[in-house]
Structure formats: structure tokens, C-alpha cells
Amino acid sequence: MLQLVYYAPTSLSRNAANILQAFRSAQIRPQLSEIVLDDTQDDWVSIYALRAYAASPGDHLAEQFIPLTQQMLQMLTVPEAQRRELAVQRGHQHRLVGSHYFLDDIASLIDAHPSNRVWFFKLIEAAEPSIAIDFLSSQLRRGRSDEFIAQVLDLLLPALDSYPTHLKLFTVSHLTDENNAQVWEWLEGHFEAILNLSLSQPENRSLKHIARRWARLDIGLRERIPDWDSGYMAPMQGPPILRSTTPYQDLPAYQTLTGLYEQAMAGDRDAYRRLTTSARSHQIEIPVRAVATHFVGQLTDVFKSAYYVMVQQYRYGHVNWDWRINHFDSPVRFEAGEALLTFATAETWEVLVDGFFIRPSNDFMRIQSEWIAYLTDVLSGEDAVYESRHFPDVEARSWFRALADITDEELQRL
């Protein structure tokens with residue numbers, strides 16, 4: 001895989017670097033450091049290598065990244081337009097335009113390998129105040145550990161006291177998300193300053209979020225702005241299928257597929273054939289194909305070929321479902337991958353890795369990486385437990401609800 005990172009065309013090199021984090025290998029740390037610190041390397045290859053380093057096991061001191069962190073902090077002091085101009089002149093961008101990406105991923109590494117926190121937070125504290133405050137504020141919504149957030153707040157709150165002109169509603173919005181007595185004591189102590197800042201920026205996108213989280217501020221805004229309303233914005237009008245109030249279990253398409261599944265579980269080969277055809281046919285609507293794939297994946301104990309149907313669905317399942325429905329375009333491949341996880345074998349691991357390079361999609365690649373990491377742990381003898389963080393149950397999978405849009409004519413094809 002490292003050879004692909006080094007020598008493959010850029011698109012393939014990026015995918016190879018991306019998948020390395022799923023391997024969680026300590027042995028390749030030297031190579032990963034080399035890739036990250038190579039100033040001529042492609043931007044995303046370097047960032048993915050940094051993520052792979054962060055995912056490696058243990059708590060590893062990584063002081064080789066101190067100069068890079070300093071460089072990224074310094075680069076953020078350069079106006080973005082100037083950074084972009086310099087990037088064009090030098091022929092690559094990540095050390096100039098993508099500084100915030102690097103800093104976010106360096107912070108992820110620091111959180112995962114806490115022995116690096118001393119040098120890291122010293123560099124943040126020494127940075128230009130506006131840069132440090134903006135960066136520390138952004139970390140409050142990155143899913144960091146409690147220990148990491150505690151250190152962020154230990155720097156952020158005193159910095160805001162020392163440099164009150166650098167306070168932004170962006171920062172206040174992040175702070176109001178914290179269920180932390182120290183934070184709320186600070187907010188209440190700076191109420192007047194925050195209220196005045198809010199009144200000076202009534203159209204700021206963060207303000208409604210803050211007011212919904214902070215009743216005192218909401219009341220203060222109502223008293224001073226006659227038409228102020230902190231209520232949630234009306235939901236966007238989605239496709240008709242998402243406005244259906246009928247439970248997916250009562251939808252004709254779901255009941256048809258359930259009937260075929262129950263017959264197939266009883267050994268009916270014709271029902272199994274119809275179900276697999278529904279899962280694979282390009283003449284069938286994608287939600288139907290995804291749900292049919294879900295059912296075929298539960299038939300591997302009855303029909304041995306069901307495993308290989310899942311392999312084909314995972315590799316080549318249609319990925320062009322309208323992402324606007326739920327910001328996810330790969331429901332068929334997702335259902336197949338979830339089914340394959342029940343087969344913790346080297347063959348399945350190879351299939352998952354293989355599929356990572358086929359028709360890559362950012363959202364789905366994150367899920368694939370989790371699957372590969374899980375199977376890597378299992379095959380390495382780790383006591384790993386898989387829990388889907390994206391669609392933990394059928395209720396969360398909008399393609400089941402999308403069956404409401406299947407017409408009677410389309411049902412006849414099943």
C-alpha cells in the first residue's frame with residue numbers, strides 16, 4: 001500500500017494513503033512521518049498519512065511534527081488571498097492554503113497520543129492571539145476527549161479575558177455547546193459584552209444557535225430587537241418520500257420484499273432468485289435494491305451464494321442515489337458491507353480493501369475505513385466489538401422510508 005502512496009497517480013495515491021489509517025500500524029510510523037513532512041507531497045496524501053499516524057496504537061511521542069505545527073500556525077497569519085497566490089506560484093497548496101486542515105489533524109494526533117500535549121499546547125499558547133483563539137474555539141466541536149477539551153478551555157478562557165476584542169460569536173456558539181460549569185460561569189460573567197456583540201451582528205448565523213442554548217441572552221435580544229425570534233428555522237422541503245408518515249413496515253414494497261425473504265428463509269429458491277434479482281437489477285429503484293440487499297445479506301446460512309452476492313454488491317452496487325435525500329449516496333454498498341462484517345475472514349478483509357478503491361465516495365469511504373479497522377483488529381486477535389456509528393439500525397436508514405415512493409408498476413418488476 002505504501003508503494004501506491006509513493007508511486008501511483010495522485011487519485012490512487014490519495015486512496016492508498018487514506019486507507020492506511022484503518023490498518024492502525026505502528027510499524028509504518030517512520031514512513032508516515034516522511035510522507036507528512038515531505039513539503040512537495042500532495043496535500044491530501046500528507047493529511048491522510050497524518051491521520052494514519054494518529055490512528056497507530058499506543059501513546060507515541062511525535063516531536064518531529066513540532067516544526068510543521070509551527071509552520072502551520074505561522075502560515076495562518078498570512079491573509080488567505082496571499083496564501084493562495086503563493087500556492088499557485090509554488091505549484092502545491094497544502095502547506096499554504098490547507099493550514100487549518102493540518103492543524104486539525106495534528107490536534108487529533110495529540111489527542112490520541114497525549115504525551116505530545118505539552119509541546120503542542122505551548123505552541124498554541126505562543127501563537128498570535130487571534131489565531132490561537134480561533135483554533136482553540138474550533139476544537140470544541142471536534143469530538144475530542146474530555147482531557148483534551150479541559151486543556152483547550154484552560155487556554156481559551158484566559159486568552160479571551162486578555163484579548164476581549166478577539167471574542168467572536170463563532171467562539172460563543174461553541175462555548176454554549178459545552179455542558180461545563182466553568183464555561184457557563186465565564187459566559188454569565190461576560191453577558192453584557194456578549195449581548196452587545198450580538199446586537200452589533202443580528203444577522204450572524206451563530207446567533208440563533210446561541211440564543212436557543214442561552215435563555216438569558218435570548219430574553220435580552222427579545223427586549224432590544226422587536227422582531228427577534230430564536231426559534232428553529234422551518235425545515236427545508238424535502239423529497240416527497242421523506243414526508244411520508246406511513247411506517248416503512250406498512251409500505252407495499254417493504255411487505256413484498258419481506259414476503260420474499262421469509263419464503264427464501266424456508267428454502268424457496270425461486271423467492272431467493274427474485275430477491276437477488278431485485279438487489280442487482282439496474283431496472284429496479286435504488287431504495288428497493290438496497291433493502292433487497294439487506295435481506296439477501298441475512299440469507300448466507302441458507303444459500304451459500306448469498307455471500308458472493310454481497311461481495312458483488314459491495315464492490316459494484318449502484319452509488320448514484322440522490323445524495324440530497326440524506327447526504328448518503330451508497331445504500332446498496334452499505335447494506336452489503338454490513339452483511340460482510342459477519343464473516344471475519346482474511347477473504348472478507350481483502351474484499352473490503354478492494355472495494356475501498358472502487359468508485360470512491362467521501363462519506364462511504366469513512367464507513368469503509370471503520371469496517372476495515374474493525375476486521376483488522378479482529379484478525380489480529382483483538383477483542384473488538386463493531387457498532388455502526390452511521391446507521392445503527394434500520395430506523396436510521398432513509399432508503400427504507402424511501403420505499404414509499406415505489407409505484408405499483410415498479411412493484412410488478414420484483
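A salt bridge is a side-chain nitrogen of Lys or Arg within 4 Å of a carboxyl oxygen of Asp or Glu. The views below come from a predicted model.

**Figure 1. A salt bridge joins Asp354 and Arg315.** The two side chains meet at 2.8 Å, taken from N to O. Asp354 belongs to helix 21 (residues 346–356) and Arg315 to helix 19 (residues 305–316), so the contact ties together parts that are 39 residues apart in sequence. Asp354 is partly exposed, because its relative accessibility is 32%. The whole structure contains 16 salt bridges.

**Figure 2. Arg142 and Asp104 form a salt bridge between distant parts of the chain.** The distance from N to O is 3.0 Å. Arg142 is found in the loop between helix 9 (129–138) and helix 10 (146–162), whereas Asp104 is part of helix 7 (residues 99–112). The partners stand 38 residues apart. Arg142 has a relative accessible area of 38% and is therefore partly exposed. Asp104, at 15% relative accessibility, counts as buried.

**Figure 3. Within helix 15, Arg222 and Asp218 meet in a salt bridge.** Their side chains are 3.4 Å apart, N to O. The two residues are four places apart in the helix, so about one helical turn separates Arg222 from Asp218. An α-helix has 3.6 residues a turn, so residues three or four places apart point the same way. Arg222 counts as partly exposed at 43% relative accessibility, while Asp218 is buried at a relative accessible area of 11%.

**Figure 4. The largest nonpolar core contains 127 residues.** Phe65, Phe120, Leu175, Leu217, Leu275 and Trp399 touch the most other members of this core. Helix 10 supplies the largest share of the core, with nine residues. In soluble globular proteins, nonpolar side chains tend to be buried together. When residues up to four places away in sequence are not counted, Leu275 touches Leu257, Leu260, Tyr261, Ala292, Phe295, Val296 and Leu299.

**Figure 5. Thr376 is a buried residue of helix 22.** This helix covers residues 362–379. Thr376 counts as buried because its relative accessible area is 13%, and the cut-off for buried residues is under 20%. The side chain of Thr376 makes a polar contact with the side chain of Trp349 at 2.9 Å. The side chain of Thr376 also reaches the backbone oxygen of Ile372, at 2.6 Å. Apart from neighbours within four places in sequence, the residues in contact with Thr376 are Ala22, Phe23 and Trp349.

**Figure 6. Trp119 and Phe120 form an edge-to-face aromatic pair.** The structure holds 26 aromatic pairs. In the pair shown here, the ring centres of Trp119 and Phe120 are 6.1 Å apart and the ring planes lie at 80 degrees, so the pair is edge-to-face. The cut-off for this arrangement is over 60 degrees. Both Trp119 and Phe120 are buried.

**Figure 7. Tyr272 and Phe303 form a stacked aromatic pair.** The distance is 4.1 Å from centre to centre, with 10 degrees between the planes. Planes under 30 degrees apart count as stacked. Tyr272 lies in helix 17 (residues 269–280), and Phe303 lies in the loop between helix 18 (286–296) and helix 19. The pair links distant parts of the chain, as the two residues are 31 residues apart. Tyr272 is buried, with a relative accessible area of 8%, and Phe303 is buried, with a relative accessible area of 5%.

**Figure 8. Ring pairs build an aromatic cluster.** The linked residues are Tyr314, Phe334, Phe364, Trp371, Phe391 and Trp399. Trp399 is also one of the residues that touch the most other members of the largest nonpolar core.

Conventions. Residues are numbered from 1 along each chain as its sequence is written. This is a predicted model: local features need pLDDT of at least 70, side-chain atom pairs count only at pLDDT 80 or more; totals for chains, interfaces and linings use all residues. Side-chain values use heavy atoms; hydrogens and water are left out. Buried means under 20% relative accessible area, exposed over 50%, partly exposed in between (1.4 Å probe, protein chains only). A nonpolar core is a set of buried Ala, Val, Leu, Ile, Met, Phe, Trp, Tyr and Cys residues joined through side-chain atoms within 4.5 Å. Contact means heavy atoms within 4.5 Å. A polar contact is a pair of N or O atoms within 3.5 Å; within protein, one must be able to donate a hydrogen and the other to accept it, and residues adjacent in sequence count only if both atoms are side-chain atoms. Rings of Phe, Tyr and Trp (its six-membered ring) pair if their centres lie within 6.5 Å; planes under 30 degrees apart count as stacked, over 60 as edge-to-face and the rest as tilted.
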